[in-house]
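Subject: Structure handover

Hello,

Here is the structure to look through. Please open it first, then read the notes below it.

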Amino acid sequence: KQWYQRRVAITAGAWECTKCDAGTYSTKGAAECTVCAAGTFSNVVGATECTQCSAGSTECTQCSAGSYSAEAATACTKCSAGTVSAEIGATECTKCAAGTFIGTEGGTECTQCSAGSYSAEAASKCETCEAGSYSGAGAATCDPCPEGKTSVAGATSAEQCKYTKMSIRMNFIFQQA
């Protein structure tokens, strides 16, 4: 255990050794205790050094869901849009899977894209399927309409793909021949 010296006011010139409190430390012969730096701790009286907090915590308090910290970090960091942490004490954020998104910082759960839209991995929003394509809910990509058919932007199923006027004319011409 480490002690520090402090001058006792009662007797001039006298020194008394006192143990450092938890949350502080001292080196041999120090005149006073030093407070542990952010991201470190000492939980014993008379510590000679401070210990780094584990990843996922700062000042040895676990980060809340929606945030994370690396080892010896001095603050928790909110997960960026497109990433989440559902657990308390996370050491990193997880990317939203393709077909899901989170549009805000500090998210704890990704949301599935609605039918007629899609997203890549780590998306902060879903994109609307272009005309001539469609998707169901939670899609990573949009599927093209069958040949000769098209759809409006945001189509939600293949049934919404309709023959174009040109394909109807061509089909009529081929049937007449």
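Cys161 is buried because its relative accessibility is 3%, where buried means under 20% relative accessible area, exposed over 50% and partly exposed in between (1.4 Å probe, protein chains only). This is a predicted model, in which local features need pLDDT of at least 70, side-chain atom pairs count only at pLDDT 80 or more, and totals for chains, interfaces and linings use all residues. Residues are numbered from 1 along each chain as its sequence is written, and side-chain values use heavy atoms, with hydrogens and water left out.

Disulfides

Cys161 forms a disulfide with Cys145, the sulfur atoms being 2.1 Å apart; a disulfide here is a pair of cysteine sulfur atoms within 2.5 Å. The torsion about the S-S bond of Cys145 and Cys161 is about -70 degrees, so this disulfide is left-handed. The pair links distant parts of the chain, 16 residues apart: Cys145 is in the loop between β18 (143–144) and β19 (149–150), and Cys161 is in the loop between β19 and β20 (162–163). Strands (E, at least two residues) and helices (H or I, at least four) are DSSP runs, numbered from the N terminus. Cys145 is also buried, at a relative accessible area of 11%.

The structure holds 8 disulfides. Another of them joins Cys79 to Cys93, with 2.0 Å from S to S. The link of Cys79 and Cys93 is left-handed, with -85 degrees about the S-S bond. These two cysteines are 14 residues apart and link distant parts of the chain, with Cys79 in the loop between β10 (77–78) and β11 (83–84) and Cys93 in the loop between β11 and β12 (94–95). Cys79 has 0% relative accessibility and therefore counts as buried.

Cys96 and Cys110 form a further disulfide, with sulfur atoms 2.1 Å apart. The link of Cys96 and Cys110 is left-handed, at -90 degrees about the S-S bond. Here too distant parts of the chain are linked, 14 residues apart: Cys96 sits in the loop between β12 and β13 (100–101), Cys110 in the loop between β13 and β14 (111–112). Cys96 is buried, with a relative accessible area of 1%, whereas Cys110 is partly exposed, at 22%.

Salt bridges

How many salt bridges does the structure hold? There are 2, a salt bridge being a side-chain nitrogen of Lys or Arg within 4 Å of a carboxyl oxygen of Asp or Glu. Lys95 and Glu121 meet in one, at 3.8 Å from N to O. Lys95 is in strand β12 and Glu121 is in the loop between β15 (117–118) and β16 (127–128), so the pair links distant parts of the chain, 26 residues apart. Both Lys95 and Glu121 are exposed. Glu127 and Lys125 also meet in a salt bridge, at 4.0 Å from N to O. Glu127 is partly exposed, with a relative accessible area of 35%.

Gly154

Gly154 lies in the loop between β19 and β20 and is partly exposed, at 25% relative accessibility. Leaving aside neighbours within four places in sequence, Gly154 is in contact (heavy atoms within 4.5 Å) with Gly116, Thr128 and Cys129.

Confidence

The mean pLDDT (the predictor's confidence in each residue, from 0 to 100) is 83, and 81% of the residues reach 70 or more. Over residues 1–11, pLDDT stays under 50. Where pLDDT is low, the predicted coordinates should not be read in detail.

Regards
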